[in-house]
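Hello,

Here is the model we talked about. Please load it first, then read the notes below.

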Amino acid sequence: MIQARGLSKKYGEKTAVDHLEFTVRPGIVTGFLGPNGAGKSTTMRMILGLDRPTEGSVTVDGKAYADLPAPLHEVGALLEARSVHTGRSAYNHLRVLAATHGIADSRVHEVIELVGLGDVARRRAGAFSLGMGQRLGIAATLLGDPGTLILDEPVNGLDPDGILWIRNLLKGLAGEGRTVFVSSHLMSEMSLTAEHLIVIGKGRLIADLPIAEMIGSASRASVLVRSPDAARLRELLAGPDVTVTSRQAGELEVVGMTAPQIGDIAAADGIAIHELTPHRASLEEAFMELTNDSIEFHGGTTVGAHDEAARGVA
Amino acid sequence: MSADAVPGRYVSRLAVDPVSQRSVITSEWLKLTTLKSSWITMAVGVGSLALLGGVIGFFTNRAWDQTRPARQAAFEPVAASLGGVRFAELAIGVLGVLFVTGEYGTGMIRSSLTAVPRRLPVVWAKALVFGVTTLVLTEIASFVGFFIGQAALGTHSVALSSDGALRAVIGTGLYLTVVAVIGVALGFIIRSTAGGIAALVGILLVLPGVFLILPQSWQDDLGPYLPSTAGSAVYDLRPAPGSLDPWPGFTVFCLYAIVGLVAAAFVLNRRDA
Ligand SMILES: Nc1ncnc2c1ncn2[C@@H]1O[C@H](COP(=O)(O)OP(=O)(O)OP(=O)(O)O)[C@@H](O)[C@H]1O
Ligand SMILES: [Mg+2]
């Protein structure tokens with residue numbers, strides 16, 4: 001269980017994390033979501049005692065990380081930035097960490113096999129590919145068999161196989177009753193892994209809800225209708241809870257009515273329908289809608305004077 | 001260790017010890033010995049201390065008859081056989097810096113501090129592991145250097161029992177051990193390899209030279225207290241006038257290392273990693 005209370009971090013004038021309050025519960029995968037620069041990595045570094053909060057506090061199982069007598073046994077962490085000496089072999093890297101907790105060599109071999117690095121464990125970590133480095137990071141995370149796992153963008157740099165592997169690994173770990181806290185800026189990835197979401201933007205908490213609720217709350221269902229007689233159909237569909245917009249002739253976007261309802265109305269009046277497509281806002285769109293106001297870096301779509309104006313606003 | 005009372009909560013069966021100063025020392029020992037660069041740099045330092053004296057002795061002996069009388073009079077056989085100390089000092093000091101800054105450069109420090117979040121045990125362990133390793137190896141190398149050097153000097157050699165010789169030989173290893181600790185401290189304070197090495201060279205080698213351009217009274221009053229000047233009193237058998245005595249000088253040198261280490265602990269504790 002991870003608990004943040006009023007957690008804040010300033011770097012000089014810049015507020016990276018702004019009074020965050022949340023609880024991460026055991027037994028499920030909790031996704032930590034937010035656009036680039038939202039403060040996810042900073043929050044995770046504060047949980048691990050690497051960065052000192054400017055204000056507030058964060059605890060793991062009721063204790064500040066630095067007060068844990070055997071931290072690797074309680075919390076396993078995969079950081080965003082590489083944190084392995086490039087001159088040391090994977091095996092020796094893990095032995096160095098194991099030594100601090102008196103963890104047996106047999107456990108080192110166990111996690112090496114678990115992440116599939118058995119063949120390259122004696123090679124310099126500096127020669128590892130991005131994916132192999134990520135696997136070594138996971139091995140270090142699991143080394144102390146911790147009850148809490150904190151992973152900052154673990155799928156970064158992994159191929160589809162690797163992504164699937166992480167997804168199943170995390171679900172499995174949570175299934176054993178562990179607390180699993182995973183950050184990502186990809187909603188689609190989280191929707192496949194996490195049961196619960198904590199969403200932040202510009203360092204502030206935006207949402208803290210089960211993923212099912214996120215899908216329900218933000219999805220604005222609409223129906224796309226194409227008909228040669230669109231104008232007449234539009235009049236028939238009009239109602240107090242229904243909005244109809246038209247982007248081009250012969251095409252309608254209907255919100256507030258289901259596809260079957262629209263089809264029935266058209267049939268009753270003999271209006272021909274060429275297309276009737278229900279459209280649910282994707283999770284990605286829901287996420288964008290949620291974080292739209294708190295995006296740190298808006299990408300310009302055109303280059304030139306327009307861009308300058310955008311920067312002035314940000 | 002976890003709250004096993006909560007139903008459904010994961011309970012690990014892995015045997016784990018709480019982090020202790022001892023376990024951190026074991027870890028730092030593994031860190032030092034599992035890097036190729038440690039072995040190479042240490043070999044350069046220890047090798048030059050053990051072997052350079054022999055080279056110096058051999059050439060001194062061969063050129064003795066052509067050497068001017070003034071230089072013959074100034075010749076000090078113990079120092080000649082320990083001539084590798086300047087080189088060893090650089091290698092060991094640099095390795096001390098690298099032992100720490102290598103972790104900052106690669107990001108390893110984040111792994112180290114997540115494993116040991118109280119942080120300070122890492123400072124003490126690094127200083128202890130590298131200090132003791134240096135002490136053992138440089139004492140051996142210093143004796144080897146002395147004997148090879150004296151053998152090469154032939155008729156111009158002295159015995160280990162001659163006045164101050166034993167102190168100088170042991171003192172050379174002690175001096176290098178303190179250099180090792182200063183290197184580690186500078187690594188923590190400066191965190192970058194280039195900066196750390198620059199600071200090390202500046203303090204040990206450049207500072208005494210810079211002092212030569214200061215007013216004479218400053219040179220006389222403060223000069224002997226410069227780190228490397230004070231420290232070298234322990235192995236220098238022909239000290240410059242006004243130098244500190246061997247053991248007081250060495251004590252001053254040790255104080256620099258202790259202050260450096262305390263500063264290292266202080267900044268490591270305060271800064272974000
Ligand atoms: N050490 C630091 N010094 C100064 N500013 C920092 C530092 N670390 C982070 N920041 C700033 O704090 C903000 C939050 O950064 P953080 O890395 O936590 O975001 P993030 O959510 O992890 O983003 P991403 O998805 O890109 O990884 C950013 O604006 C960043 O520039
Ligand atoms: Mg990040």
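Is A:Glu253 buried, exposed or partly exposed? With a relative accessible area of 21%, A:Glu253 is partly exposed. Buried means under 20% relative accessible area, exposed means over 50%, and partly exposed is in between (1.4 Å probe, protein chains only).

First, the ground rules. This is a predicted model: local features need pLDDT of at least 70, side-chain atom pairs count only at pLDDT 80 or more, and totals for chains, interfaces and linings use all residues. Residues are numbered from 1 along each chain as its sequence is written, chains are lettered from A and ligands numbered from 1 in the order in which they are written, and side-chain values use heavy atoms, with hydrogens and water left out.

**Salt bridges**

A salt bridge here is a side-chain nitrogen of Lys or Arg within 4 Å of a carboxyl oxygen of Asp or Glu. Over all chains, the structure holds 17 of them.

A:Glu253 pairs with A:Arg247, and their closest N and O atoms are 2.8 Å apart. A:Arg247 is exposed, at a relative accessible area of 72%.

A:Arg167 bridges to A:Glu189, with 3.2 Å between the closest N and O atoms. A:Arg167 sits in helix α6 of chain A and A:Glu189 in helix α7 (residues 187-193) of chain A, so the pair ties together parts 22 residues apart in sequence. Helices (H or I, at least four residues) and strands (E, at least two) are DSSP runs, numbered from the N terminus. A:Arg167 counts as buried at 16% relative accessibility. A:Glu189 is buried too, with a relative accessible area of 10%.

A:Arg226 and A:Glu275 also meet in a salt bridge (3.1 Å, N to O). This pair links distant parts of the chain: A:Arg226 is in strand β10 (residues 222-226) of chain A, A:Glu275 in strand β13 (residues 275-279) of chain A, 49 residues apart. A:Arg226 is partly exposed at 35% relative accessibility. A:Glu275 is partly exposed at 26%.

In chain B, look for a network of salt bridges: B:Glu28, B:Lys31, B:Glu103 and B:Lys126 are linked in it.

**Ligand 1**

Which residues come nearest to ligand 1? Of the 16 residues around it, they are A:Gly37, A:Lys40, A:Ser41, A:Thr42 and A:Glu80. A residue is near a molecule if one of its heavy atoms lies within 4 Å of it.

- A polar backbone atom of A:Gly37 is 2.8 Å from an oxygen atom of ligand 1.
- A:Ser41 places a polar side-chain atom 2.7 Å from an oxygen atom of ligand 1.
- A:Arg45 has a polar side-chain atom 3.4 Å from a nitrogen atom of ligand 1.

On its own, ligand 1 has 640 Å² of accessible area, and the protein covers 68% of that. Accessible areas come from the Shrake-Rupley method with a 1.4 Å probe; for residues, only the protein chains shown count as cover. β2 (14-24) and α1 (40-47) of chain A each supply at least two residues of the shell. The largest share, four residues, comes from α1(A).

**A:Arg178**

A:Arg178 lies in the loop between α6 (160-175) and β7 (179-184) of chain A. A:Arg178 is buried, at a relative accessible area of 5%. Its side chain makes a polar contact of 2.8 Å with the side chain of A:Asp145. Another polar contact, of 3.4 Å, goes to the side chain of B:Tyr10. A polar contact is a pair of N or O atoms within 3.5 Å; within protein, one must be able to donate a hydrogen and the other to accept it, and residues adjacent in sequence count only if both atoms are side-chain atoms.

**Helix α3 of chain A**

Helix α3 (residues 90-100) of chain A is mostly covered, with 10 of its 11 residues buried. Among the buried ones are A:Tyr91, A:His93 and A:Leu97. The buried residues pack against α2 (71-74), α4 (105-114) and α5 (130-142) of chain A, together with α1 (21-33) and α6 (108-115) of chain B. Contact means heavy atoms within 4.5 Å. Just after α3(A), A:Gly102 takes a positive phi of about 60°.

Best wishes
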